[in-house]
Amino acid sequence: MQTEQRQKIPILQHQVVVFSKNYLPLAHINIKRAIVLLVTGQAETLEFSSTQQWEVRSPSVVLQISDHIRLTSGNPERHWKVPPVNRREVFRRDNHACQYCGSTKRLTLDHVIPRSKGGTHTWDNVVTACEKCNSAKGDRSCMKPQWC
Ligand SMILES: [Zn+2]
């Protein structure tokens, strides 16, 4: 008899974030689907500092699954609907730190190429920036981070 007490969510009920080959977050999927993508070589696990990992065993395979995976095959954007830019997910992607100075306070979203100059509100043009850097950058399309 197993007396092990488990308060955690069962592994197979976890959600995994899928990123495209170009590191765009695409969707949340069920971990079972993630396992299929990993086993069939269509995806690889990604490791961030916040990554959670689970070990899934079958009689012949031991899989390390993290809560972020990246598709390895091309053009997934065609098959997946890219979600609209979401403040919370951008902060999460950027580790809740200003991408110019590293500050973790008073965070805002900055358009790398300003919207006034044709910049788009898309994942590859939006970064986390603190209020100070955001206003210092203003309408310029580039700013040297402090560490440069
Ligand atoms: Zn900053």
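**Figure 1. Contacts across the sequence of the predicted chain.** Among contacts in the protein chain between residues at least 6 apart in sequence, 55% join residues at least 24 apart, two residues being in contact if their C-beta atoms, placed from the backbone, lie within 7 Å. The model is predicted, so that local features need pLDDT of at least 70 and side-chain atom pairs count only at pLDDT 80 or more, whereas totals for chains, interfaces and linings use all residues. Residues are numbered from 1 along each chain as its sequence is written. The protein chain has 3 helices and 8 strands, with helices (H or I, at least four residues) and strands (E, at least two) taken as DSSP runs and numbered from the N terminus.

**Figure 2. The open sheet of 4 strands.** In the order β2-β1-β6-β3, the strands form an open sheet with mixed pairing, where two strands pair if DSSP finds at least two bridges between them. Because β2 and β3 stand at the edges, each with a single partner strand, one side of each is left without a neighbour in the sheet. Neighbouring strands of this sheet are turned by 30° against each other on average, direction ignored. β1 and β6 run parallel and are joined by 3 bridges, and Val18 stands opposite Ile69 in β6.

**Figure 3. The buried face of α1.** The buried residues of this helix are Ile31, Ala34, Ile35 and Leu38, where a residue is buried if 20 or more other C-beta atoms lie within 10 Å of its own, exposed if 12 or fewer, and partly exposed in between. Seen down the axis of α1, these residues fall within an arc of 105°, so they line one face of the helix; the arc is that of the directions from the helix axis to the C-beta atoms. α1 lies across β1, β2, β3 and β6, running at about 110° to β2, with axes fitted as lines to C-alpha atoms, for helices over the stretch in contact, and angles running from 0 to 180 degrees between N-to-C directions. α1 is followed by Gly41, whose phi is positive, near 75°.

**Figure 4. The largest nonpolar core.** This core has 10 residues, including Val16, Val18, Ala43 and Ile69, and such a core is a set of buried Ala, Val, Leu, Ile, Met, Phe, Trp, Tyr and Cys residues joined through C-beta atoms within 7 Å. The largest share of the core, 4 residues, comes from α1. Not counting residues up to four places away in sequence, Ile69 touches Val16, Val18, Ala34, Leu37, Leu38, Ala43, Glu44, Thr45 and Leu46.
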